[in-house]
Amino acid sequence: MRDRRINLLLILAIGLSALTVLLLPVISSGYYRHILTLTVIDILLAVSFRAIQKMGGWNFAHIAIMGIGGYTSALLTVKLGWSFWLGLPMGGIMASLFALLISWPCLRTEGFYFFLSTFAAGEAIRQVWIMFEFFGGANGFFGLPHPETVFRIRFDTVLSNYYLVVAICSACLWLLYRLEKSRLGNTIKSITSNPELCESIGINTWAHKASTFIVGSFFTGVAGVLFAHYNGLVTPKEFSVLYTYKIITAVIVGGTAAFSGPIVGVIFLTGLTEIFRDLEQWVPLLYGIVIIGILLLFPEGLQSIPRRLRGKSSVKKPFHRKSRDVPEQYHAAIEPKRGE
Amino acid sequence: MAFPNLLQLFLNGLGLSAFYALFAVGLTLVFGVMRIINFAHGELYMLGAYLVYFVFNLGQDQLTLLPLFFAGLLVAMAGVSLLSLVIERAIFRPLRKNPINCFMASVGVLYILQVSAGQIFGIKQKSLPSFFPGEIRFAGAALSIRILVTIIIAIVLLGLLWFFLEKTRLGRGIRACAQDGEAAALQGININRMSALVMGLGGALAAASGAVVGTSYLINPYMGWLVLWKAFIVTIVGGMGSIPGALVASLLFGFLDSLISSLGNPRMEILIDVTIMLVVLAYKPKGILGIAR
């Protein structure tokens with residue numbers, strides 16, 4: 001009974017937000033159409049970030065990987081005259097290849113090294129774009145074409161591009177959602193909660209982590225292609241570490257426990273940025289206060305608020321009452337099984 | 001391409017290494033005890049440079065350049081370590097149970113400090129007068145006094161740090177915490193106090209490195225980024241949390257970077273450094289002398 005009510009609410013919520021997503025740009029002005037398009041791309045970025053984060057790694061090369069997608073498509077369409085529809089998957093594939101390349105050194109150790117080394121690797125990629133004329137140097141590429149007409153639908157206005165971005169991003173989100181609920185997703189979840197146990201029952205933890213990273217990067221690359229073609233240009237400046245921080249802030253603000261977390265986070269941050277649009281130089285300060293405030297008050301992110309109001313925490317507490325006194329490395333041992 | 005003078009190369013490399021060491025040792029010290037990667041370390045460094053600038057403007061008329069610089073250095077170190085203590089108490093301590101949250105909070109601190117500095121001091125770049133003009137010439141090489149001062153300050157500060165960590169009771173406490181926090185707590189060492197102490201020391205070192213850089217480069221609110229990036233590579237290669245590792249890696253990258261830039265293309269630096277880092281990670285994941293678990 002309860003389950004059915006929740007399902008009904010969920011369907012209602014999804015239906016309402018779908019309606020909003022489809023109708024909002026029709027009634028809003030050009031500027032907001034632009035912001036909405038970028039927000040949808042950011043949502044895909046944040047969700048793919050969380051997909052990678054699920055295996056335990058905070059990927060600081062996220063925007064650089066997105067840029068690889070954008071640059072690949074820019075090179076293919078501008079220099080070789082390929083179609084956007086070929087550049088789109090190619091961008092994703094190149095992003096995946098890069099993830100494959102750095103996953104070996106970067107995934108050798110746990111935790112901290114992953115984000116530090118991806119941070120450095122991402123910055124190196126950006127320098128390569130600036131350094132070599134092949135990538136257009138500091139000015140990047142201009143004049144990326146609009147997507148070609150398919151089924152008589154032309155993509156030459158902001159509105160049509162918006163719907164294109166929404167369509168592709170929704171498809172990607174759906175795939176990412178299915179992936180998380182699949183057997184692979186469950187395996188990855190168990191690897192994060194107890195790697196030793198997983199290894200002892202014969203799961204190749206490294207391969208699973210690397211494949212998560214690679215698959216997540218594919219979607220990041222796709223987001224990069226959409227971003228590049230929507231803007232019509234790629235420059236090294238657009239894929240800076242600041243953008244990475246913005247996505248990570250959104251993921252933290254929303255929380256990583258639920259699939260909807262990063263989406264909530266992106267919408268919240270975009271709203272905040274737009275409210276304070278006139279005070280642009282103060283926006284990073286606002287981000288800082290929001291991150292710290294959220295971490296101190298709602299460590300599980302905004303998406304945990306409804307659950308908290310119902311008096312439940314989404315993270316199951318270890319049943320040992322005084323778990324604080326137990327050293328961190330034994331927490332896994334005293335924790336009850338995580339599966340629902 | 002003429003091969004650069006070896007002695008000159010050595011001196012430049014030594015100067016660069018001294019700066020890397022000052023910056024990276026603070027970062028790795030904080031990581032060793034608190035298991036936090038302080039992303040705002042670069043901003044502490046930026047504030048150090050600004051405080052020297054502030055003191056310089058304040059005392060420009062009363063004092064000559066040399067005492068002014070040392071007054072600025074002291075004010076910067078004291079001020080920034082005070083700020084670090086506040087950050088530790090207000091943000092890192094409540095979040096310490098989860099290192100990733102701490103790290104993210106430090107990204108928040110980074111934003112706040114960056115915008116504040118931009119608003120207080122202006123986004124326009126500032127420059128200090130050359131506190132240490134002149135250079136010493138010998139054997140075909142030139143050692144500018146500025147670099148000499150950087151090297152001396154680095155040796156003095158790191159020497160003091162070594163003395164403190166090795167020879168005093170408090171220092172022993174810090175080393176115990178870095179080796180094993182729980183065991184140290186069982187011995188009655190107050191981990192909170194050690195964390196605060198380490199944050200203060202790290203802040204002071206960051207401020208000192210900012211102060212020496214401020215005398216020769218332009219100061220702006222975003223100067224922390226670039227250095228932080230290099231410091232990450234240095235600490236990864238040296239091994240997170242290991243001070244000797246950070247020193248060795250600072251020397252390695254200091255000489256390497258000065259060699260690369262004297263060979264013509266300073267831009268290649270970033271690629272070569274990252275490649276080295278990735279290779280070290282692939283074959284020796286915990287760095288040259290790493291202690292991270």
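Reply: Start with burial. A residue is buried if 20 or more other C-beta atoms lie within 10 Å of its own, exposed if 12 or fewer, and partly exposed in between, with C-beta atoms placed from the backbone. In chain A, 41% of the 340 residues are buried. In chain B, 52% of the 293 residues count as buried.

Me: What should I know about the model and its numbering?
Reply: The model is predicted: local features need pLDDT of at least 70, side-chain atom pairs count only at pLDDT 80 or more, and totals for chains, interfaces and linings use all residues. Residues are numbered from 1 along each chain as its sequence is written, while chains are lettered from A and ligands numbered from 1 in the order in which they are written.

Me: How many helices and strands are there in chain A?
Reply: Helices (H or I, at least four residues) and strands (E, at least two) are DSSP runs, numbered from the N terminus. Chain A has 14 helices and 0 strands.

Me: Which pattern does chain B follow along the sequence?
Reply: Chain B has 11 helices and 2 strands. Its order is α-α-α-α-β-β-α-α-α-α-α-α-α.

Me: What do contacts tell me about the fold?
Reply: Two residues are in contact if their C-beta atoms, placed from the backbone, lie within 7 Å. Take contacts between residues at least 6 apart in sequence. In chain B, 79% of these join residues at least 24 apart. In chain A, the share is 73%.

Me: How many residues of chain A are in contact with chain B?
Reply: 34 residues of chain A are in contact with 33 residues of chain B. On the chain A side, the elements giving two or more residues are α4 (84–106), α5 (112–131), α10 (241–254) and α12 (283–297). α5(A) gives the most, with 12 residues.

Me: How do I read a helix pair?
Reply: Axes are lines fitted to C-alpha atoms, for helices over the stretch in contact, and angles run from 0 to 180 degrees between N-to-C directions. Angles under 35 degrees count as roughly parallel, over 145 as roughly antiparallel, 65 to 115 as roughly perpendicular and the rest as oblique. In chain A, the axes of α2 (residues 30–53) and α9 (residues 205–231) come within 8 Å and cross at roughly 170 degrees. α2(A) is therefore roughly antiparallel to α9(A). Their contact has 11 nonpolar, 5 polar and no charged residues.

Me: At what angle do α1(B) and α9(B) pack?
Reply: At about 70 degrees, with the axes 9 Å apart. That makes α1(B) roughly perpendicular to α9(B). B:Y20, B:F23 and B:A24 are among the α1(B) residues in the contact, and α9(B) gives residues including B:V227 and B:K230. The contact divides into 7 nonpolar, 2 polar and 1 charged.

Me: Which backbone angle is worth a check at B:R35?
Reply: Most residues other than glycine have a negative phi. B:R35 is not a glycine, yet has a positive phi of about 55 degrees. B:R35 sits in the loop between α1 (6–34) and α2 (41–59) of chain B. B:R35 is buried, with 22 other C-beta atoms within 10 Å.

Technical notes. Ala, Val, Leu, Ile, Met, Phe, Trp, Tyr, Cys and Pro count as nonpolar, Asp, Glu, Lys and Arg as charged, and the others, Gly among them, as polar.
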